[in-house]
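The following questions and answers concern the structure shown below.

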Amino acid sequence: GSGFHEVMPNPETVYFSNITPQDIITRPVTVYVPFDMRSAYGKLNTPGEYIIDVQSGDTVRQFNTVNLAGFYNNWPWGSFPTSDNANDNGATGDLVANDSVWTANHLFPIGSPRTFVFKGGINGYDVEAGFGENHEVAINDATNTFRMPEVCFGSQGTLYANWQTRCRNSSVWMSDPDMPNSFAILQNYPNPFNPTTTIEFSIPNQAEVKFEVFDLTGRTVMTENHGLMNAGTYTLSFDGSALSSGTYFYKISAGSNFAVRQMLLMK
């Protein structure tokens, strides 16, 4: 391994005499940890920006793996077992493939601490926040599985402060940090859909982005202004729950560029 480990500021010593049944889990629990990585994608997509390992100073410029580290695995920076890697493939606990939310999981045996202290990594590096800036979540052992709320990557520190809005209250997320050469929007998928679908689009330069949906009469049924966005390839989620079945048109505008495509909602 790299020899680096997490150092907590002023760590408290826990004595066995202080442990109560409320401090430990009473059944084996598989904990699912979903990391919303849109803040990291956004930082990598910003010209002149890159991600720095807070321990070694090494740089990260693209994603290979997303990792889960904590006291439970002794913070294995630089030498992660594959079992502590997250995935974005829609399997092994990950809910939706390629949505920029990477999900890790770990089975905690009976007697494990109820308080789960952890941090995410990229490519094996300690890059989510500074020393001791960790997430803490109480494990609920009411059932054999516990799915945490999505963790906005870097939210416990300031390294991604300028990109946090990408993974908070947003329906659009970075799907590819590489720079596209031209403006393009792809056909939504799935299509037909019920009630949600996704749309991928690329913008070659920073621009104000707007998403609109129209019915067959040309009436606007939804408008989302996403504000100034950097060059990149993005994936947008559309929810047609409030609409009737039928044919609709969606339009994405980025500065002076725009394109329109047709989609079919079938309930």
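Q: In which loop is Ser 100 found?
A: This is a predicted model. In it, Ser 100 has a phi near 75°, a positive value in a residue other than glycine. Ser 100 is also buried, because its relative accessible area of 2% is under the 20% limit. The residue is found in the loop between strand 4 and strand 5.

Q: What is the relative accessible area of Trp 75?
A: Trp 75 is found in the loop between strand 4 and strand 5 (101-108). Its phi is positive, near 50°, in a residue other than glycine. Trp 75 counts as buried, since the limit is 20% and its relative accessible area is 2%.

Q: Which element of the protein chain has the highest mean pLDDT?
A: The protein chain averages a pLDDT of 87, and 87% of the residues score at least 70. Among the elements, the lowest mean, 62, belongs to strand 10 (residues 172-176). The highest mean, 97, belongs to residues 66-70, which form strand 4.

Q: Which residue of strand 7 stands opposite Thr 115?
A: Strand 6 (residues 115-122) pairs with strand 7 in the antiparallel sense, over four bridges. Opposite Thr 115, the residue in strand 7 is Ala 138.

Q: How many residues of helix 1 are buried?
A: Helix 1 spans residues 38-45 and is mostly covered. Its buried residues include Arg 38 and Lys 43, as well as Tyr 41 and Leu 44. Of the eight residues in helix 1, the number buried is eight.

Q: Which strands are the edge strands of the open sheet of four strands?
A: The strand order of this sheet is 14-13-16-17, with antiparallel pairing. The edge strands each pair on one side only. They are strand 14 (220-229) and strand 17 (257-265).

Q: Which residue in strand 14 stands opposite Val 213?
A: Strand 13 (residues 207-214) and strand 14 run antiparallel and are joined by eight bridges. The residue of strand 14 opposite Val 213 is Met 222.

Q: Where is Pro 192 in the chain?
A: The peptide bond from Asn 191 to Pro 192 is cis, with omega near 5°. The bond from Tyr 189 to Pro 190 is cis as well, with omega near -5°, and Pro 190 is found in the loop between strand 11 (184-185) and strand 12. Pro 192 lies in the loop between strand 11 and strand 12.

Q: Is Thr 198 buried or exposed?
A: Thr 198 lies in strand 12 (residues 196-203). Beyond its neighbours within four places in sequence, Thr 198 is in contact with Asn 188, Tyr 189, Thr 235, Leu 236 and Ser 237. Its relative accessibility is 16%. Because the limit is 20%, Thr 198 counts as buried.

Key
Residues are numbered from 1 along each chain as its sequence is written. This is a predicted model: local features need pLDDT of at least 70, side-chain atom pairs count only at pLDDT 80 or more; totals for chains, interfaces and linings use all residues. Side-chain values use heavy atoms; hydrogens and water are left out. pLDDT is the predictor's confidence in each residue, from 0 to 100. Helices (H or I, at least four residues) and strands (E, at least two) are DSSP runs, numbered from the N terminus. Two strands pair if DSSP finds at least two bridges between them. Buried means under 20% relative accessible area, exposed over 50%, partly exposed in between (1.4 Å probe, protein chains only). Contact means heavy atoms within 4.5 Å.
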